[in-house]
Amino acid sequence: MTDKNRIIFFDTTLRDGEQSPGASMNMEEKVLIAEALDKMGVDVIEAGFPVASKGDFEAVEAIAKQVKNATVCGLARAKKADIEAAGEALKKAKKKRIHTFISTSPLHMKYKLQMEPDKVVEAIKESVSFARKFTDDVEWSCEDGSRTEDDFMYRVVETAIAAGAKTINIPDTVGYAVPEEYGALIARVMNKVPNIDKAIISVHCHNDLGLAVANSLAAVKAGARQIECTINGIGERAGNAAIEELVMAMRTRPDYFPFTNGIDTTHITRVSRLVSSITGFAVQKNKAIVGANAFAHESGIHQDGMLKHAQTYEIMTPESVGLSKSSLVLGKHSGRHAFKDRLRDLGIDLGDNALEDAFNRFKDLADKKKEVYDEDILALVDTRFGKEATRYGFHSLQVVCGTGGTQAAYVEMTVDGHEHLAKAEGTGPVDAIFKAIRKLVPHEAKLKLYQVHAVTQGTDAQAEVTVRLEEGGDGKLINGYGADTDTLVASAKAYIDALNSRARAQLRKHPQRGAA
Ligand code: KIV
Ligand code: ZN
């Protein structure tokens, strides 16, 4: 195998993925995901659409500063202001790419752009050559590529390459393509565009018909060498091709897909989980590769086969996607050594202090919960939990709830180092808890999301709670997370965590004033 067979993985979780309705992420979370993608080995991280908003610009800028290995990419329409914003946001990136696009299908040109085809060709020339002023690495996309007429497709691709694009992306924007046809389109572009040897062909498939992964793989067989995809397949409408499915299809069937890539598949489970809990998008249980049931064998016949020889029913191992090979659970008698070993099996490498902190949290958890599973350990070391508290700390909680009578909460928490107690009544215990916290930390932010996720099965499972607040007219979102075996305590912790994030953001904005 030569480098010609290396597939470039272009992850767009932070851009197309964020376009999933309700999947907004704040800057800190985007940086966290970008770091995880970088460690996983993706080649290109599409970090956002810098001209879209101040928040998008700042997130791309922060990711550009932080990412060590991957190329960081910013999206831009065929407009100078977009391209300038992308160039500016990417300034500090070690490796940067500008991704500019314009629609090329008859339908889009007529109704969306209201531009004649010749004008679109002009815009391609101008936008690509303008983007080249900021970086040599320019990607150009023909939006609605799969519904573009062949001859026009050859013309626009040739134009973009002549203007300096190094990557040509042919998206199936509306998820309309089917694998054989899409592969044939890629093959025609490879054969008909005279300067195609100067560029890499990329594909970007949406999942409206559930064919995004199949279409991407067909395109790779036909000669495409970059795939655009997202973690858990999130993205606009039905989403994009799921990176974990693409990577594992290639790894499991090298006979059919003789390609290489730079992805360390053992990171898949962790990154999937991180994206799911940050976006609040749960992964369906039977989802390929990362669903809770993906490696569970329920029927007696299957379990019997597995015990005799794992390959009878297992085409890939759980360890290959970062699930621990041991089915042993840890408990309160497990020592530091066993805990460290399990972390290593899960691909987690912590420094001495972080390890000590995580071990103490493990001991606290094991006191409450008989069996501590891999999922619990992943939650324990999740960097979103246990973040430095800026101003507020959870202390204790008592609730009165149940049928009939008052629902009330007594919350004890620290505000700037001082202990305070508040009582509030509500329509239910969570409502009462949030009202009590609001009494101690008065603010105008509105609750946009309250979500509970059980980390494992059973009534003693840890609950992970996500709280999303919105403040101000600009739709700024503030997320908070809390985990505890008591769902109500996790809820209080998540709300307080969101208020700490809010205080940190205020402090960043007005360092001299302090947080309000
Ligand atoms: O789906 C699409 O066409 C896109 C482009 C911007 C590449 O997301
Ligand atoms: Zn898209």
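Strands β4 (96-103), β5 (138-143) and β6 (167-172) each contribute at least two residues to the shell around ligand 1 (helices, H or I, of at least four residues and strands, E, of at least two are DSSP runs, numbered from the N terminus). The model is predicted, and local features need pLDDT of at least 70, side-chain atom pairs count only at pLDDT 80 or more, and totals for chains, interfaces and linings use all residues. Residues are numbered from 1 along each chain as its sequence is written, chains are lettered from A and ligands numbered from 1 in the order in which they are written, and side-chain values use heavy atoms, with hydrogens and water left out.

The residues surrounding ligand 1 are Arg15, Asp16, His99, Phe101, Ser141, Glu143, Asn169, Pro171, Thr173, His204 and His206 (a residue is near a molecule if one of its heavy atoms lies within 4 Å of it). By class, this shell holds two nonpolar, six polar and three charged residues (Ala, Val, Leu, Ile, Met, Phe, Trp, Tyr, Cys and Pro count as nonpolar, Asp, Glu, Lys and Arg as charged, and the others, Gly among them, as polar). An N or O atom in the side chain of Thr173 is 2.6 Å from an oxygen atom of ligand 1. For His206, a polar side-chain atom lies 3.0 Å from an oxygen atom of the ligand, and for His204 the corresponding value is 3.1 Å. Of the 260 Å² that ligand 1 exposes when taken alone, the protein buries 95% (accessible areas come from the Shrake-Rupley method with a 1.4 Å probe).

One cavity of 30 Å³ or more is present in the structure (on a 1 Å grid over the protein atoms alone, a cavity is a set of points where a 1.4 Å probe fits but cannot get out, and a pocket is an open set with protein on both sides within 12 Å along at least five of seven lines; lining residues have an atom within 4 Å of a point). The largest cavity contains about 30 Å³ of space (grid points are joined across faces, edges and corners, and a volume is the space filled by probe spheres set on the points). Its lining consists of Met40, Ile231, Ile243, Glu244, Ile268, Val271, Ser272 and Val290. Helix α10 gives the largest share of this lining, three residues.

The second largest pocket holds about 1,100 Å³ of space. Among its 32 lining residues, Asn26, Gly55, Glu58, Lys476 and Leu477 lie nearest its centre. The lining divides into nine nonpolar, 10 polar and 13 charged residues, and its largest share, six residues, comes from α16. This pocket lies between domain 1 (8-279) and domain 4 (392-509), because both give residues to its lining (domain bounds come from an automatic or database domain assignment).

Note on methods
A polar contact is a pair of N or O atoms within 3.5 Å; within protein, one must be able to donate a hydrogen and the other to accept it, and residues adjacent in sequence count only if both atoms are side-chain atoms.
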